[in-house]
Amino acid sequence: QVQLVESGGGLVQAGGSLRLSCAASGIIFSINTMGWYHQAPGKQRELVAAIASDGSPNYADSVKGRFTISRDTAKNTVYLQMNSLKPEDTASYYCYTEGVSTRGKYFEVWGQGTLVTVSS
C-alpha cells in the first residue's frame, strides 16, 4: 500500500501565502510524478502543478508566476509554495502521485485533500 499525508492548508487573506506538503509512504520502489490538483465546489478537479522525476515542473496557466512546486526525492515529499493568493484559488487541494511499488506494480494514489480558503 502507498499512502499520502497532506498538510498546510488553511485560511489566508488575499495576497498572502501558504505552503502545502505531501509525503508518500509505503511500499514504494520509485515515484514518477508528484503533483497537486484543486477542486472548487461545483467544479471539476483540475491540475495545479506537477513535477516529474527529473524535477521538471508543469503549471496551470492560472498559477504560473505565483506558485512553485518542488520535491524532496529522498523523503518522497512534494511541496507547493503558493504566493499572491487570490480568492479564486479557494478550493480543496489534492496531492497525487504515481510510480512503481516494491512488488513491481504500478500505482496511482490520491491524498484526502486539504482545504485552502482565500478571503478577499
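**Strand pairing, core and pocket**

Strands S4 and S9 pair in the antiparallel sense, over ten bridges. The model described here is predicted. Strand S4 covers residues 28-39, and strand S9 covers residues 91-101. Within this pairing, Tyr37 has Tyr94 of S9 as its bridge partner.

S4 also pairs with strand S5, which covers residues 46-51. These two strands run antiparallel and are joined by five bridges. Met34 stands opposite Ile51 of S5. The hairpin of S4 and S5 has six residues between the strands. In this hairpin, Gly42 takes a positive phi near 80°.

S9 pairs in turn with S10. Five bridges join S9 to S10, and the two strands run antiparallel. Glu98 has Glu108 as its bridge partner in S10. Four residues lie between the strands of this hairpin. Among the residues of the hairpin, Gly104 has a positive phi near 80°.

Strand S10 spans residues 106-110. Its covered face carries Phe107 and Val109. Its uncovered face carries Tyr106, Glu108 and Trp110. In a regular strand, side chains alternate between the two faces of the sheet.

Ser101 lies in strand S9. Its relative accessible area is 6%, so Ser101 is buried. Leaving aside residues up to four places away in sequence, Ser101 touches Ile27, Ile28, Phe29 and Phe107.

The core was examined next. The largest nonpolar core holds 31 residues. Trp36, Leu80, Met82 and Tyr93 have the most contacts inside this core. Trp36 is found in strand S4. With a relative accessibility of 0%, Trp36 counts as buried, because the cut-off is under 20%. Trp36 and Cys22 are 14 residues apart along the chain, and their C-alpha atoms are separated by 9.1 Å.

Leu80 has contacts in several parts of the sequence. Residues up to four places away are not counted here. Leu80 touches Leu18, Arg19 and Leu20, among others. Its contacts also include Val48, Ala49, Phe67, Thr68 and Ile69. Trp36 and Tyr93 are in contact with Leu80 as well. Both of these residues are among those with the most contacts inside the core.

Several loops were then considered. Asn76 lies in the loop between strand S7 (67-72) and strand S8 (77-82). Its phi is positive, at about 50°, although Asn76 is not a glycine. Most residues other than glycine have a negative phi. Asn76 has a relative accessible area of 23%, so it is partly exposed.

Ser84 lies in the loop between S8 and S9. Ser84 also has a positive phi, near 50°, and is a residue other than glycine. Its relative accessible area is 41%, so Ser84 counts as partly exposed.

Gly16 lies in the loop between strand S2 (10-13) and strand S3 (18-26). At 17% relative accessibility, Gly16 counts as buried, because the cut-off is under 20%. Gly16 and Ser84 are 68 residues apart along the chain. Their C-alpha atoms are separated by 5.5 Å. Apart from neighbours within four places in sequence, Gly16 is in contact with Met82, Asn83, Ser84 and Leu85. Met82 is one of the residues with the most contacts inside the largest nonpolar core.

Asp61 is found in the loop between strand S6 (57-59) and S7. Its relative accessibility is 65%, and Asp61 therefore counts as exposed, the cut-off being over 50%. Asp61 and Ala49 are twelve residues apart in sequence. From C-alpha to C-alpha, Asp61 and Ala49 are 9.6 Å apart in space. Ala49 is also in contact with Leu80.

The largest pocket contains about 210 Å³ of space. Its lining includes His38, Ala40, Lys43, Gln44 and Glu46. Ser62 and Arg66 also line the pocket. Lys86, Glu88, Asp89, Thr90 and Ala91 complete the lining. By class, two lining residues are nonpolar, four are polar and six are charged.

Note on methods. Residues numbered from 1 in each chain as written. Predicted model: local features only at pLDDT ≥ 70, side-chain atom pairs only at ≥ 80, totals over all residues. Heavy atoms only, no water. Buried < 20%, exposed > 50% of the residue type's maximum accessible area, 1.4 Å probe, protein only. Contact = heavy atoms within 4.5 Å. Core = buried A, V, L, I, M, F, W, Y, C linked by side-chain atoms within 4.5 Å. 1 Å grid on protein atoms, 1.4 Å probe; cavity = no way out; pocket = protein on both sides within 12 Å on 5 of 7 lines; lining within 4 Å. Points joined across faces, edges and corners; volume = space filled by probe spheres on them. Nonpolar A, V, L, I, M, F, W, Y, C, P; charged D, E, K, R; others polar. Pairing = 2+ DSSP bridges.
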